[in-house]
Amino acid sequence: MLEGKALIEDTDMPTKMQIQAMAAASQALDLYDVVDCKSIAAHIKKEFDTRYGSGWQCVVGSSFGCFFTHSKGTFIYFTLETLNFLIFKGVASSSPPSTPS
């Protein structure tokens, strides 16, 4: 396990889930090279899909922007080592997208 400590920037997850998110990130960093953000994100997503049901999304990198809608209680954004981690469960749209006339 990495010795670095995660710094939570923002979250609405329960504490137990936050701990799991940071543990999954640390485990992924032990398994994959720090530049392999896609594999790190896939590892974390699979872990959360297995533990908490499907529909989780994970973004990992040193610089990114995002805009999304998430289910209440399923969002965390934190930094560990040199990377930023965004984990959330998406919200399904309740209405079909409108088509332009």
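**Reading the terms used for this chain**

User: Leaving aside its neighbours within four places in sequence, which residues is Asn-84 in contact with?

Analyst: In this predicted model, Asn-84 is in contact with Val-59, Val-60, Gly-61, Ser-62, Phe-64, Tyr-77, Phe-78 and Thr-79, its neighbours within four places in sequence being left aside. Asn-84 itself has its place in strand β4.

User: Why does Asn-84 count as buried?

Analyst: The relative accessibility of Asn-84 is 14%. Buried means under 20%, and Asn-84 therefore counts as buried.

User: What makes the approach of Asn-84 to Thr-79 a polar contact?

Analyst: The contact joins the side chain of Asn-84 to the side chain of Thr-79 at 3.0 Å. A polar contact requires a pair of N or O atoms within 3.5 Å, one able to donate a hydrogen and the other to accept it. The pair formed by Asn-84 and Thr-79 is counted as such a contact.

User: What is the overall pattern of the chain, and how many helices and strands does the chain have?

Analyst: The chain has 2 helices and 4 strands. Along the sequence they follow the pattern β-α-α-β-β-β. Of the 101 residues in the chain, 35% are buried.

User: Why is the span of α1 said to agree with expectation?

Analyst: Helix α1 has 17 residues, which at 1.5 Å a residue should span 24 Å. The expected span is 1.5 Å times one less than the number of residues. The end C-alpha atoms of α1 are 24 Å apart, so the two values agree.

User: Which elements do the buried residues of α1 pack against?

Analyst: They pack against β1 (7-11), α2, β2, β3 (76-80) and β4. The buried residues of α1 include Met-17, Ala-21, Ala-24 and Leu-29.

User: Why is Ala-24 called buried, and which residues does Ala-24 touch?

Analyst: Ala-24 lies in helix α1 and has a relative accessible area of 1%. The limit for buried is under 20%, so Ala-24 is buried. Not counting residues up to four places away in sequence, Ala-24 touches His-43, Ile-44, Glu-47 and Phe-48. The C-alpha atoms of Ala-24 and Glu-47 are separated by 7.1 Å, although the two residues are 23 apart along the chain.

User: Why are the buried residues of α2 said to line one face of the helix?

Analyst: The buried residues of α2 are Cys-37, Ile-40, Ala-41, His-43, Ile-44 and Phe-48. Seen down the helix axis, they fall within an arc of 160°, so they line one face of α2. These buried residues pack against α1 (15-31), β2 (56-61) and β4 (83-89). The face turned away from the buried side carries the exposed residues Lys-38, Lys-46 and Thr-50.

User: What makes the pair of Phe-48 and Tyr-52 an aromatic pair, and which kind is it?

Analyst: The structure holds 5 aromatic pairs. In the pair formed by Phe-48 and Tyr-52, the centres are 5.2 Å apart and the planes stand at 45°. Rings pair if their centres lie within 6.5 Å; planes under 30 degrees apart count as stacked, over 60 as edge-to-face and the rest as tilted. The pair of Phe-48 and Tyr-52 is therefore tilted. Phe-48 and Tyr-52 are 4 residues apart in helix α2 (residues 37-52), a separation of about one helical turn.

User: Why is the pair of Phe-78 and Phe-85 described as stacked?

Analyst: The ring centres of Phe-78 and Phe-85 are 5.0 Å apart, and their planes are at 10°. Planes under 30 degrees apart count as stacked, so this pair of Phe-78 and Phe-85 is stacked. Both Phe-78 and Phe-85 are buried.

User: How far apart are Lys-89 and Gly-55 in sequence and in space?

Analyst: Lys-89, found in strand β4, is 34 residues from Gly-55 in sequence and 5.6 Å from it in space, C-alpha to C-alpha. The side chain of Lys-89 also reaches the backbone oxygen of Ser-54 at 3.3 Å.

Definitions and conventions: Residues numbered from 1 in each chain as written. Predicted model: local features only at pLDDT ≥ 70, side-chain atom pairs only at ≥ 80, totals over all residues. Heavy atoms only, no water. Phe/Tyr/Trp six-rings, centres within 6.5 Å; stacked < 30°, edge-to-face > 60°. Buried < 20%, exposed > 50% of the residue type's maximum accessible area, 1.4 Å probe, protein only. Arc of directions from axis to C-beta. Contact = heavy atoms within 4.5 Å.
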